[in-house]
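Work through these exercises with the structure open beside you. Try each task before you read its solution.

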Amino acid sequence: MCGIVGYIGRKQAYPILIEGLKRLEYRGYDSAGVALMPAKNIINVYKSAGKVKQLEAAVAGCDVAGCAGIAHTRWATHGEPNKENSHPHCSMGGRLALVHNGIIENYAVLKEKLTAEGYAFASDTDTEVLVQLIDYIQKKGNYNLVTAVQLALKEVVGAYAIAVMDRENPEMIVAARKSSPLVIGLADDGLYLASDATPIIEHTNRMVYPDDEEVAALYKDGSYRIMNLENVECCHEAQTVALNIGQLQKGGFPHFMIKEIYDQPECLADCMRGRVMADMNRIVISAVNNYKDVLMRAKRFIIVACGTSWHAGLIGKQLIESFCRIPVEVEYASEFRYRNPVVGKDDVVIAISQSGETADTLAAIELARERGAFIYGICNVVGSSIARATDTGSYIHVGPEIGVASTKAFTGQVTVLAMFALALAQVQGKISGEQMKETIEELVSVPDKIREVLKQDDYINNMAKVFTYAHNFIYLGRGYAFPVALEGALKLKEISYIHAEGYPAAEMKHGPIALIDMNMPVVVIATKSPLYEKVVSNIQEIKARGGKILAVITEGDTVIKEMADYSIEVPETMECLESLVTSVPLQLLAYHIAANKGLDVDKPRNLAKSVTVE
Ligand code: G6P
């Protein structure tokens with residue numbers, strides 16, 4: 001979490017940095033700050049608690065000149081989210097300014113050492129320790145900034161993407177990374193750096209991705225050097241990044257989240273493009289083709305993921321097991337990495353991550369790799385750390401997701417998992433041509449079915465008004481619908497701050513039924529499936545206790561429609577793909593409840609989109 005951005009070149013840095021921070025706010029929005037270096041011996045630092053807008057207001061009227069600058073938007077780890085703890089942090093005396101995304105784990109030891117050397121600290125952060133350490137090393141050895149950064153980083157345990165400026169050398173910004181993302185943009189007017197490509201793309205699409213423990217020196221004349229901590233030059237080819245600027249804007253919608261919900265039909269079509277063959281007989285997933293021997297040899301798949309991606313993994317398990325008949329386990333990456341799991345060379349680990357930066361997922365990958373497993377990544381952000389750490393994988397290609405609550409990435413992940421399962425079953429010879437064709441036809445019809453669901457947005461909004469001030473919700477589903485229930489409950493919790501629980505419908509009688517009364521709305525995914533009759537019984541049990549039923553039903557189902565207090569009809573869909581359709585009304589329900597409450601839907605409190613700390 002936390003986003004960093006920097007610029008050095010011929011243009012004024014401040015507007016570039018502020019716009020860049022706004023793009024990075026999905027990474028954290030507890031505080032923001034900027035440091036500008038207009039000339040030798042001057043660094044102007046401005047900070048504010050809260051969002052980037054508050055920083056802009058605080059800076060109004062101040063001197064924001066300078067063609068070199070760095071900026072930061074924070075998701076607090078060490079120290080509360082106030083102005084003092086905001087970045088950039090400066091060294092004592094103000095020579096250096098630094099922004100940091102990550103965690104310096106050994107900051108306490110370093111702080112003690114620096115305090116003994118006479119350094120005083122103005123904040124509670126680990127980052128201030130790092131800037132003081134660089135300052136200390138620089139002064140002690142009379143080193144240039146690059147050397148001082150290299151030496152300091154050798155003493156650091158933890159994760160970092162940093163950018164540092166030295167007011168005695170206004171011609172240069174130094175950046176470095178380890179386990180936190182950093183991208184450098186190469187433009188005619190100068191050099192850009194950021195936590196990801198989104199703040200840079202409107203200036204240039206030529207990007208360089210430094211590796212772990214590399215340090216980049218960016219010069220005002222547009223030249224740059226990348227070295228490792230031993231000062232050996234590292235060569236990285238510039239990549240052309242395809243990112244559509246329109247995807248980074250709200251396009252007339254009040255929030256990114258609702259835009260992203262509405263984007264899903266096109267996003268899923270993009271996700272399937274070039275993979276589902278026109279004759280509808282085949283699915284081509286290049287990673288499955290290229291690694292079919294490894295995948296077919298696997299005795300087991302282990303899916304590791306966090307949050308919404310974990311819910312997609314639960315659906316992936318059912319898809320892979322039913323089409324490929326290979327056992328699949330789904331693990332929270334944070335648990336997997338710390339519990340000495342049984343994993344080895346017969347396993348394929350599938351890591352699912354929208355951002356491709358989640359620290360726990362990355363650590364789970366490293367552990368599985370050490371033990372000999374083959375790693376397959378399913379990511380959205382191209383070039384992200386997880387995408388690069390895996391042996392192979394598939395991008396979901398749904399475009400940048402800005403709203404903190406994941407929507408289109410979830411359906412994109414499920415779509416890729418469905419295609420993966422079908423492609424693998426195909427190379428295994430476990431699926432008949434007829435079943436393949438039928439399933440593919442269903443898959444390609446999903447975008448239109450989602451369009452049908454979106455037409456009910458007004459109805460869902462009206463329904464949301466009734467439940468805006470509920471204190472609790474229960475979500476129920478069975479089979480493929482159980483992860484949808486979990487995801488629906490998570491969406492509601494994340495953005496509306498209403499307590500919600502997802503349960504397999506039949507488990508209700510083992511506890512949650514005690515909670516049912518007239519104040520308890522129960523969302524039931526009750527579409528036509530082999531378990532339909534059983535879900536009908538579950539609904540009756542809730543009705544008998546006065547609970548309010550909000551049912552997601554198959555179009556034309558009059559039975560549940562009569563039983564439920566509210567029902568949302570969705571087009572009939574093959575059971576294994578139904579989650580792609582049934583999750584959409586639950587996204588809309590959560591969105592409208594949060595929007596009705598006037599909450600900051602895209603930036604819910606305490607959350608961040610990219611969780612680069614454990
Ligand atoms: C955070 C986000 C969630 C996301 C989870 C996993 O908690 O707020 O929306 O599902 O991280 O992120 P990933 O990028 O690995 O999918």
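**Exercise 1.** Find how far a polar side-chain atom of Ser 309 lies from an oxygen atom of the ligand.

*Solution.* Start with Ser 309: a polar side-chain atom lies 2.5 Å from a ligand oxygen. Next, take Ser 355, where a polar side-chain atom is 2.6 Å from an oxygen atom of the ligand. Then go to Thr 308: here a backbone N or O atom lies 2.9 Å from a ligand oxygen. Last, check the cover: the ligand taken alone exposes 380 Å², and the protein buries 90% of that. These areas come from the Shrake-Rupley method with a 1.4 Å probe.

A note on the source: this is a predicted model, in which local features need pLDDT of at least 70, side-chain atom pairs count only at pLDDT 80 or more, and totals for chains, interfaces and linings use all residues. Residues are numbered from 1 along each chain as its sequence is written, and side-chain values use heavy atoms, with hydrogens and water left out.

**Exercise 2.** Describe the shell around the ligand by class.

*Solution.* Count first: 14 residues surround the ligand, each with a heavy atom within 4 Å of it. Among the closest are Gln 354 and Thr 358. Sort them next: 4 are nonpolar, 8 polar and 2 charged. Then look for the main contributor: helix 9 (residues 307-324) gives the most, with 3 residues. Helices here are DSSP runs (H or I, at least four residues), numbered from the N terminus.

**Exercise 3.** Which residue forms a salt bridge with Lys 22?

*Solution.* Apply the rule: a side-chain nitrogen of Lys or Arg within 4 Å of a carboxyl oxygen of Asp or Glu. The count comes to 34 salt bridges. Glu 56 is the partner of Lys 22, with the closest N and O atoms 3.1 Å apart. The pair links distant parts of the chain: Glu 56 is in helix 2 (residues 52-59) and Lys 22 in helix 1 (residues 13-24), 34 residues apart.

**Exercise 4.** Is Arg 273 buried or exposed?

*Solution.* Set the limits: buried is under 20% relative accessible area, exposed over 50%, partly exposed in between (1.4 Å probe, protein chains only). Arg 273 has 57% relative accessibility, so it counts as exposed. Its salt-bridge partner is Asp 270, the closest N and O atoms being 2.5 Å apart. Asp 270 is partly exposed, at 30%.

Methods
Near = heavy atom within 4 Å. Polar contact = N/O pair within 3.5 Å; in protein donor to acceptor, adjacent residues only side chain to side chain. Helix = DSSP H or I, 4+ residues; strand = E, 2+ residues; numbered from the N terminus. Nonpolar A, V, L, I, M, F, W, Y, C, P; charged D, E, K, R; others polar.
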